[in-house]
Amino acid sequence: MTAPRLLVHRDQRLMAEATAARLITTIQDAQATRGSASVVLTGGRNGNGLLAALAAAPAREAVDWSRLDLWWGDERFLPAGDPDRNHTQAGQALLDAVPVEPGRVHVMPASDGPYGEDAEAAAEAYAAELAGATDPFDVVLLGVGPDGHVASLFPGLPGVSERSATVVAVREAPKPPPTRLSLTLPAINAARQVWLLAAGADKAKAAAAALAATDPVETPAAGARGTDRTLLLVDQAAAVELPPAAAG
Ligand SMILES: O=C1O[C@H](COP(=O)(O)O)[C@@H](O)[C@H](O)[C@H]1O
């Protein structure tokens with residue numbers, strides 16, 4: 001587990017563009033070193049903003065999209081193609097515009113898929129798919145919610161305390177929709193790099209807690225750390241509650 005390094009950007013747009021550039025370079029490095037790369041995508045405003053910035057970056061041509069595995073940190077358990085699904089939104093923001101290899105795009109099951117509405121069975125199926133991955137994730141992207149949630153691990157819900165499974169079904173999430181699938185902290189924390197994204201004034205409290213809190217049950221973002229690197233990426237609006245020394 002690595003301590004988070006804080007990076008403050010002027011605003012949300014600049015943060016998305018700088019993080020897209022960072023991601024392109026990180027993917028290139030991984031592909032040069034290991035032949036392929038793996039990235040775990042996040043949903044939400046910051047996650048989709050990053051994907052849109054990546055789609056708009058001319059340097060996206062530097063990525064070998066055919067040698068990239070894409071996974072999801074969480075998914076809203078809704079029918080395939082539902083506009084609220086993280087997969088649908090990632091398609092619109094980036095994936096429909098780049099030559100990803102369909103077999104390497106590891107979509108979490110939908111509620112009208114082979115497991116129907118059985119979210120637990122869907123979580124087990126995704127865990128089995130994950131178990132087939134031989135290398136740790138290169139980067140896990142995590143949008144931080146205003147309550148400090150990451151992926152679909154919400155404060156106080158059982159998912160955040162899961163210690164053995166890599167994927168869980170989440171019920172009664174405080175943010176709609178109530179039923180979701182999520183990677184767990186042990187799955188997230190096996191990644192080489194974890195990037196926590198928190199831009200916007202509504203993320204100020206959560207950004208401070210992601211850095212300083214000690215109990216992941218209260219602040220799931222505080223329990224998400226990479227083995228080689230953890231970054232907390234914020235904009236100035238989200239940096240206002242950080243201790244001055246941390247915010248530089
Ligand atoms: O519902 C979700 O929320 C979080 C945070 O989203 P944001 O809009 O507050 O940035 C996101 O990371 C997660 O993937 C998504 O399912």
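**A loop, then the helices**

A151 sits in the loop between β5 and β6. The model is a predicted one, and what follows should be read with that in mind. The phi angle of A151 is near 50 degrees, a positive value in a residue that is not glycine. Most residues other than glycine have a negative phi. A151 has 35 other C-beta atoms within 10 Å and is therefore buried, the cut-off for that label being 20 or more.

The loop between β5 and β6 also holds E162 and R163. E162 is partly exposed, because 19 other C-beta atoms lie within 10 Å of its own. Once neighbours within four places in sequence are set aside, the contacts of E162 are V168 and T184. The C-alpha atom of E162 is 18 Å from that of W72, and the two residues are 90 apart along the chain. R163 has 7 C-beta neighbours inside 10 Å, so it counts as exposed.

The peptide bond leading from P176 into P177 is cis, and its omega is near -5 degrees. Most peptide bonds are trans.

Now the helices. Helix α1 covers residues 12-34, which is 23 residues. From first C-alpha to last, α1 reaches 32 Å, close to the 33 Å expected at 1.5 Å a residue. Its buried residues are Q12, M15, A16, T19, A20, L23, I27 and A30. These buried residues pack against several elements, including β1 (4-9), β2 (37-41), α2 (44-56) and β5 (139-143); β3 (68-72) and β9 (229-235) are also among the partners. Just after α1, G35 takes a positive phi, about 95 degrees.

The packing of α1 on α2 can be described as a crossing. The axes of the two helices come within 8 Å, at an angle of roughly 65 degrees, and the crossing of α1 and α2 is right-handed. On the α1 side the residues are Q12, A16, E17, T19, A20 and L23, and they meet G49, L50, A53 and L54 of α2. By type, the residues of this contact comprise six nonpolar, three polar and one charged.

A57 lies in the loop between α2 and β3. Apart from neighbours within four places in sequence, A57 is in contact with A20, A21 and I24. A57 and I24 are 33 residues apart along the chain, and their C-alpha atoms are 9.4 Å apart. A57 is labelled partly exposed because 17 other C-beta atoms are found within 10 Å.

Helix α2 also packs on helix α3 (residues 86-93), with an angle of about 25 degrees between the two and axes 8 Å apart. The two helices are therefore roughly parallel to each other, an angle under 35 degrees being the test. The crossing of α2 and α3 is right-handed. N48, L51, A52 and A55 of α2 form the contact with Q89, A90 and A93 of α3. Five residues of the α2 and α3 contact are nonpolar and two are polar, with no charged residue.

Six of the eight residues of α3 are buried, so this helix is largely enclosed by the rest of the structure. The buried residues of α3 are N86, H87, T88, Q89, A90 and A93. They pack against β2, α2, β3 and β4 (74-76).

Technical notes: Residues numbered from 1 in each chain as written. Predicted model: local features only at pLDDT ≥ 70, side-chain atom pairs only at ≥ 80, totals over all residues. Helix = DSSP H or I, 4+ residues; strand = E, 2+ residues; numbered from the N terminus. Expected span 1.5 Å × (residues − 1). Buried ≥ 20, exposed ≤ 12 C-beta atoms within 10 Å, placed from the backbone. Contact = placed C-beta atoms within 7 Å. Axes fitted to C-alpha atoms, helices over the stretch in contact; angles between N-to-C directions. Parallel < 35°, antiparallel > 145°, perpendicular 65-115°, else oblique. Left-handed = near helix turned anticlockwise from the far one by under 90°. Nonpolar A, V, L, I, M, F, W, Y, C, P; charged D, E, K, R; others polar.
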